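The sequence and the structure are shown first.

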Amino acid sequence: MARYTGPQCRLCRREGIKLYLKGDRCYTGKCAIDRRPYAPGAHGQARRKISEYGLQLREKQKARRIYGVLETQFRNYFERAERQPGITGENLLRLLERRLDNVVYRLGLAASRMEARQLVRHGHFTVNGRKVDIPSYLVRVGDVIAVREKSKDSPRIKELMERAADRTPPPWLEYDENQAQGRVVALPTRDQIDTPVQEHLIVELYSR
């Protein structure tokens, strides 16, 4: 499956905010956007007037990069959200939040979405007792996401399980530290999604 393999910190600098793509590093003084708070490239520090289209494009790119989704897949999510009843922008964010790699990250079982994607691809998690190694798998209400028994002996998985026990998942998820598993208790509402994205700009962009 295709994915972005370039410098993660460059993406944060391009968007002008922390996207928390590198986990713990983003909370330290090593974070690139703290040291160089301007866009990458030779003209990164130049002042530019951004058009309405530019604002819409930046918002779409920001959402794509936060969730680690490439353009074609993101467009497919939008078209699916458009067909659903309700507000298209909120439907889009809800679909992205339901991705298995995002749910693993939200439960605290990964330091970043990028790490969550890798752990899912390596088969460390089950959904309703069955191994699922597809990061884009969409969870449903009632689904139980658990660490595989054979994976619990991994030093990194043990560390993440300890960290997850100290974290509070969003209201639409529950986490049982004794079983190292989470459950989807509801679909997320907009106020339960803390992603710094103005989704209406994405809708305007695709509606052009």
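Predicted model: local features only at pLDDT ≥ 70, side-chain atom pairs only at ≥ 80, totals over all residues.

Phe74 has its place in helix H4. Phe74 is buried, with a relative accessible area of 0%. Leaving aside neighbours within four places in sequence, Phe74 is in contact with Lys60, Ala63, Arg64, Val69, Leu92, Leu96, Ile202 and Tyr206. The C-alpha atoms of Phe74 and Gln61, which are 13 residues apart along the chain, are separated by 9.8 Å.

The structure holds 2 aromatic pairs. In one of them, the ring centres of Phe74 and Tyr206 are 6.3 Å apart and the planes stand at 35°, so the pair is tilted. This pair links distant parts of the chain, since Phe74 belongs to helix H4 and Tyr206 to helix H9, 132 residues apart. Phe78 and Tyr206 also form a tilted aromatic pair, with 4.7 Å from centre to centre and 40° between the planes. Phe78 lies in helix H4 and Tyr206 in helix H9, so this pair ties together parts that are 128 residues apart in sequence. Both Phe78 and Tyr206 are buried, the relative accessibility of Tyr206 being 12%.

Tyr206 directs attention to helix H9, which spans residues 199–206. Within H9, the residues Glu199, Leu201, Ile202, Leu205 and Tyr206 are buried. Viewed down the axis of H9, these buried residues fall within an arc of 155°, so they line one face of the helix.

The nonpolar interior may be considered next. In soluble globular proteins, nonpolar side chains tend to be buried together. The largest nonpolar core has 25 residues, of which Leu100, Val104, Leu109, Phe125 and Ile145 touch the most other members. At least two residues of this core come from each of helix H6 (100–106), helix H7 (113–121), strand S1 (125–127), strand S3 (144–147), helix H8 (155–165) and strand S4 (173–176). Apart from this core lies another, of 17 residues, among them Tyr67, Ala81, Val197 and Ile202.

Not counting residues up to four places away in sequence, Ile145 touches Leu100, Val103, Val104, Leu107, Phe125, Thr126, Val127, Val139, Ala180, Gln181, Gly182 and Val184. Ile145 stands opposite Gly182 in S5. Strand S3 and strand S5 (residues 181–184) run antiparallel and are joined by 3 bridges.

These strands belong to a sheet. In total, 5 strands form an open sheet in the order S2-S1-S3-S5-S4, with antiparallel pairing. Strand S2 (130–131) and S4 stand at the edges with a single partner strand each, so one side of each is left without a neighbour in the sheet. The partner of S4 is S5, and the two pair in the antiparallel sense over 4 bridges. Glu174 stands opposite Arg183 in S5. The hairpin of S4 and S5 has 4 residues between the strands, and in it Ala180 takes a positive phi near 55°.

Ser112 lies in the loop between H6 and H7. Is Ser112 buried or exposed? Ser112 is buried, with a relative accessible area of 4%. A polar atom of the Ser112 side chain lies 3.1 Å from the backbone nitrogen of Glu115.

The chain may finally be taken as a whole. The chain has 9 helices and 5 strands, which follow one another along the sequence in the pattern α-α-α-α-α-α-α-β-β-β-α-β-β-α. Of the 208 residues in the chain, 47% are buried. Among contacts in the chain with a separation of 6 or more, 56% are between residues 24 or more positions apart.

Definitions and conventions. Residues numbered from 1 in each chain as written. Heavy atoms only, no water. Buried < 20%, exposed > 50% of the residue type's maximum accessible area, 1.4 Å probe, protein only. Arc of directions from axis to C-beta. Contact = heavy atoms within 4.5 Å. Core = buried A, V, L, I, M, F, W, Y, C linked by side-chain atoms within 4.5 Å. Pairing = 2+ DSSP bridges. Polar contact = N/O pair within 3.5 Å; in protein donor to acceptor, adjacent residues only side chain to side chain. Phe/Tyr/Trp six-rings, centres within 6.5 Å; stacked < 30°, edge-to-face > 60°.
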